[in-house]
Amino acid sequence: MASAFDDRRDIPAIAGACECEGARHAVAITRLTADGCMLEANDDWPGASDFVHLSIDGSIEMNGKLAWAQGRRAQLRFFGQVHPAAIAKLLEAATP
């Protein structure tokens, strides 16, 4: 039986930075899709936020809302979409 640690969708992680509730957080971005992604910060999230500005690998800027936040992990839903070709390029560059 597979465990959460065997879930390969969290690899590779893409570097990012997120601004919400007046604070800036360095984040690891995983499970990137056209509609959203998972974020993992160094510290616990302060809570769900109505507005989040995310910089993905210093090349794509997206706005969105946290669907949920628990501990250091959160799920972000974008206001708009990331083009699939941009996602493929980001994942290719992040692959170890």
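The following paragraphs describe a predicted model of a protein chain, from its overall fold to individual side chains. Because the model is predicted, local features need a pLDDT of at least 70 and side-chain atom pairs count only at pLDDT 80 or more, while totals for chains, interfaces and linings use all residues. Residues are numbered from 1 along each chain as its sequence is written, and side-chain values use heavy atoms, with hydrogens and water left out.

The secondary structure comprises 1 helix and 6 strands. Here helices (H or I, at least four residues) and strands (E, at least two) are DSSP runs, numbered from the N terminus. Along the sequence, these elements follow the pattern β-β-β-β-β-β-α.

In general, strands of a sheet pair through backbone hydrogen bonds, either parallel or antiparallel. In this chain, the 6 strands close into a barrel with antiparallel pairing, in the order β1-β2-β3-β6-β5-β4. Neighbouring strands of this sheet are turned by 45 degrees against each other on average, direction ignored. Two strands are said to pair if DSSP finds at least two bridges between them. Strand β2 (residues 23-30) and strand β3 (residues 36-41), for example, run antiparallel and are joined by 4 bridges. Thr30 stands opposite Met38 in β3.

Helix α1 (residues 84-94) packs on the sheet and touches β1 (14-20), β4 (52-56) and β5 (60-70). The direction of helix α1 makes about 120 degrees with that of β1. Such axes are lines fitted to C-alpha atoms, for helices over the stretch in contact, and angles run from 0 to 180 degrees between N-to-C directions.

Contact means heavy atoms within 4.5 Å. Of the contacts in the chain with a separation of 6 or more, 50% are between residues 24 or more positions apart.

His53 lies in strand β4. His53 counts as partly exposed because its relative accessible area is 24%. The C-alpha atoms of His53 and Cys18 are separated by 5.6 Å, although these residues are 35 residues apart along the chain. Leaving aside residues up to four places away in sequence, His53 touches Ala17, Cys18, Glu19, Glu61, Met62 and Asn63. The side chains of His53 and Asn63 are joined by a polar contact of 2.7 Å. A polar contact is a pair of N or O atoms within 3.5 Å; within protein, one must be able to donate a hydrogen and the other to accept it, and residues adjacent in sequence count only if both atoms are side-chain atoms.

Side chains of opposite charge can pair when their charged atoms come close. The structure holds 3 salt bridges (a side-chain nitrogen of Lys or Arg within 4 Å of a carboxyl oxygen of Asp or Glu). One of them joins Glu19 and Arg24, with an N to O distance of 2.7 Å. Glu19 is partly exposed at 38% relative accessibility, whereas Arg24 is exposed at 55%.

Glu40 forms a salt bridge with Arg72 (2.3 Å, N to O). This pair links distant parts of the chain, since Glu40 is in strand β3 and Arg72 is in the loop between β5 and β6 (73-78), 32 residues apart. Glu40 also meets Arg73 in a salt bridge (3.5 Å, N to O). Arg73 belongs to strand β6, and this pair is 33 residues apart. Through shared partners, Glu40, Arg72 and Arg73 are joined into one network of salt bridges.

How values were computed: Buried means under 20% relative accessible area, exposed over 50%, partly exposed in between (1.4 Å probe, protein chains only).
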